[in-house]
Amino acid sequence: MAGTFAGKRAIVMGASRGIGRAIALGFAAQGASVSICARGPGPLEATRREIEAFGGTAHAQCVDLAKEQEIAGYVPAAVKALGGLDILVNNASAFGYRDDEEGWAASFGVDMMAVVRGSHAALPHLGRGGSIVNIASISGLRATARSAPYAAIKAAVMQYTASQAKMLAPEGIRVNCVAPGSIEFPGGSWENRRTSDPVYYESIRAGIPFGRLGRPEEVAEVVMFLASDKANWVTAQTIVVDGGQLVGS
């Protein structure tokens, strides 16, 4: 099908639901062939079928992004299924919120090292004009009393993005980052908090100037811009997508 990404091949990590799913569907709607991975086979296959409905190649594989060997096996399989690779989106989180050994290990193992490992596995297949987009969070831009490991690692992802961009510019590969604010979608943490912790949910909603939480599709649009030829002179940037949440709160 015709579209901004006609003929392009994209891998989206952690894409069975929420932001990752919206990104994958956005690429597919614009003509890209797309491979996705996640741990849960049911939602993963459902999203794969949605991608396939746009007419391009749709590939999916169950992957635990905390495990180096699974990433190392997935990326070449995805590249083979797609017939090459033009775009990598590193989108995954273990949501390691607690300031304890478990929280730090989860955040480092998935939120940080899956970005590193996914990028390393993809680089042999990305040529000039290739693009990597890492997904972080506005949590990495401010202090927090609720999720120190998550916030610190997301800040590290932003810094690593800039370093990647500097390292890969001579090869013609751009690297950027998107930092979403609070995004609500079915089955997501904010939908759950709406009922489980309504006071906290309302405090977040009230702090966003537009008076609502964001939608996954609003993040996906920015990711697609950064991955497109329209952004061919944009690299090493972190773009906040939060409806003014940072300034509002």
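Q: Helices are DSSP runs of H or I of at least four residues, and strands are DSSP runs of E of at least two, numbered from the N terminus. Between which helix and which strand does alanine 236 lie?
A: This is a predicted model. Alanine 236 sits in the loop between helix 8 (216-227) and strand 7.

Q: Why is alanine 236 called partly exposed?
A: Buried needs under 20% and exposed over 50%. Alanine 236 has a relative accessible area of 33%, so it is partly exposed.

Q: How do you know whether phenylalanine 95 is buried, exposed or partly exposed?
A: Set its relative accessibility against the 20% and 50% limits. The value is 41%, so phenylalanine 95 counts as partly exposed.

Q: Why is asparagine 91 called buried?
A: The cut-off is under 20%. Asparagine 91 has 11% relative accessibility and therefore counts as buried. It lies in the loop between strand 4 (85-90) and helix 4 (101-122).

Q: What makes the pairing of asparagine 91 with glycine 14 a polar contact?
A: A polar atom of the asparagine 91 side chain lies 2.8 Å from the backbone oxygen of glycine 14.

Q: Which residues does asparagine 91 touch beyond four places in sequence?
A: Met13, Gly14, Ile19, Gly20 and Ile135.

Q: How does the span of helix 5 compare with the expected one?
A: Helix 5 (residues 148-168) has 21 residues. From first C-alpha to last it reaches 30 Å, close to the 30 Å expected at 1.5 Å a residue.

Q: Which elements do the buried residues of helix 5 pack against?
A: Helix 4, strand 5 (126-135), strand 6 (174-180) and strand 7 (238-241). The buried residues of helix 5 include Tyr150, Ile153, Val157 and Leu168.

Q: What lines the largest pocket?
A: The lining has 47 residues, and Ser93, Phe95, Tyr97, Tyr150 and Ser189 lie nearest the centre. Helix 1 (18-29), helix 5, helix 6 (189-196) and helix 7 (198-206) each supply at least two lining residues. The pocket holds about 1200 Å³ of space.

Q: How does the lining of the largest pocket divide by class?
A: It has 23 nonpolar, 17 polar and 7 charged residues.

Conventions. Residues are numbered from 1 along each chain as its sequence is written. This is a predicted model: local features need pLDDT of at least 70, side-chain atom pairs count only at pLDDT 80 or more; totals for chains, interfaces and linings use all residues. Side-chain values use heavy atoms; hydrogens and water are left out. Buried means under 20% relative accessible area, exposed over 50%, partly exposed in between (1.4 Å probe, protein chains only). A polar contact is a pair of N or O atoms within 3.5 Å; within protein, one must be able to donate a hydrogen and the other to accept it, and residues adjacent in sequence count only if both atoms are side-chain atoms. Contact means heavy atoms within 4.5 Å. The expected span of a helix is 1.5 Å times one less than its number of residues. On a 1 Å grid over the protein atoms alone, a cavity is a set of points where a 1.4 Å probe fits but cannot get out, and a pocket is an open set with protein on both sides within 12 Å along at least five of seven lines; lining residues have an atom within 4 Å of a point. Grid points are joined across faces, edges and corners, and a volume is the space filled by probe spheres set on the points. Ala, Val, Leu, Ile, Met, Phe, Trp, Tyr, Cys and Pro count as nonpolar, Asp, Glu, Lys and Arg as charged, and the others, Gly among them, as polar.
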